[in-house]
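Student: Could you take me through this model by way of a few questions on its elements and surface?

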Amino acid sequence: MGLFSKKPKEKEKEKCPACGNEMAFFKQTGIEGGTVFICNDCAAKLRGQFDLQSEWKYDSFRSDNKWRFKTSDQIGDVTLQEVLEIFAEREAAQTEAVESYGGAFEHLFKVDEVFTIAPKALEVGIARAKAYKNRRVVKGMVVKGSFEQKDTVTIQNGDTPTEVQILELIPCDGIDFMTNLQAHIHKKTAAEGGNAWLVLDLTTDIPVGSTICK
């Protein structure tokens, strides 16, 4: 009786080396060439830094030996040390933004990258091509709260605050910006901790490191 009364010892769940939380077997993402695994939540946070890369590659494993369009995920090559450094930078940016503007605004977005777009009508349609011509796009992280397409926001960069509208919001889901813009089937919101592109109704420069508030 005593032999069968003992409960089998539960196997301790593996913990994510990036955040320390437990992770299920089917909710892991490989890094360092598949030798180290992090949880899918941490992988999602990295998505703003490492997009999927697509290119034509020669396929020698098929009988026709043709060039094929293949996609690879850069997250698989990143090291754990790089992940920890990125998360430390995110935390520092979050702390800075909250200390500077958290008392006045409930929603904060930290700008990591800025570029200008001028899409063609054949790519996004006549109306969107006209509306987005020479508009600034910012890429960054939602530090606090959430943002939606058509929100009116305030850009804070140490100078006079600038009020603009978000023409389009595209979450960083691993697909590059232009593919997402052309497909036009993405979500229109981004929540705290998420990365996103914001197409702003603005043609003047925005300094990297600016905070967008709402």
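Student: In which helix does Glu82 lie?

Tutor: This is a predicted model, in which local features need pLDDT of at least 70, side-chain atom pairs count only at pLDDT 80 or more, and totals for chains, interfaces and linings use all residues. Residues are numbered from 1 along each chain as its sequence is written, and side-chain values use heavy atoms, with hydrogens and water left out. Helices (H or I, at least four residues) and strands (E, at least two) are DSSP runs, numbered from the N terminus. On that assignment, the helix that holds Glu82 is α3.

Student: Is Glu82 buried, partly exposed or exposed?

Tutor: Buried means under 20% relative accessible area, exposed over 50%, and partly exposed in between (1.4 Å probe, protein chains only). The relative accessibility of Glu82 is 36%, so Glu82 counts as partly exposed.

Student: Why is strand β9 described as largely enclosed by the rest of the structure?

Tutor: Strand β9 covers residues 162–171. It is largely enclosed because the buried residues number 7 of the 10.

Student: How many bridges join β9 to β11?

Tutor: Two strands pair if DSSP finds at least two bridges between them. With β8 (residues 152–156), β9 pairs in the antiparallel sense over 4 bridges, and Ile155 stands opposite Thr162 in β9. β9 and β11 also run antiparallel, with Ile166 having Leu200 in β11 as its bridge partner. The number of bridges that join β9 to β11 is 5.

Student: Which residue takes a positive phi in the hairpin of β8 and β9?

Tutor: This hairpin has 5 residues between the strands. The phi in question is near 95 degrees, and the residue is Gly158.

Student: Where is Lys150 found, and what is its phi near?

Tutor: Most residues other than glycine have a negative phi. Lys150, in the loop between β7 (146–148) and β8, has a positive value instead. At 48% relative accessibility, Lys150 counts as partly exposed. Its phi is near 80 degrees.

Student: What is the phi of His184 near?

Tutor: His184 has its place in the loop between α6 (177–183) and β10 (189–191). His184 is partly exposed, with a relative accessible area of 35%. Its phi is positive, in a residue other than glycine, and is near 60 degrees.

Student: How far apart in space are Thr204 and Arg135, C-alpha to C-alpha?

Tutor: Thr204 lies in the loop between β11 (195–200) and β12 (211–213), and is partly exposed at a relative accessible area of 46%. Thr204 and Arg135 are 69 residues apart in sequence. Their C-alpha to C-alpha distance in space is 8.2 Å.
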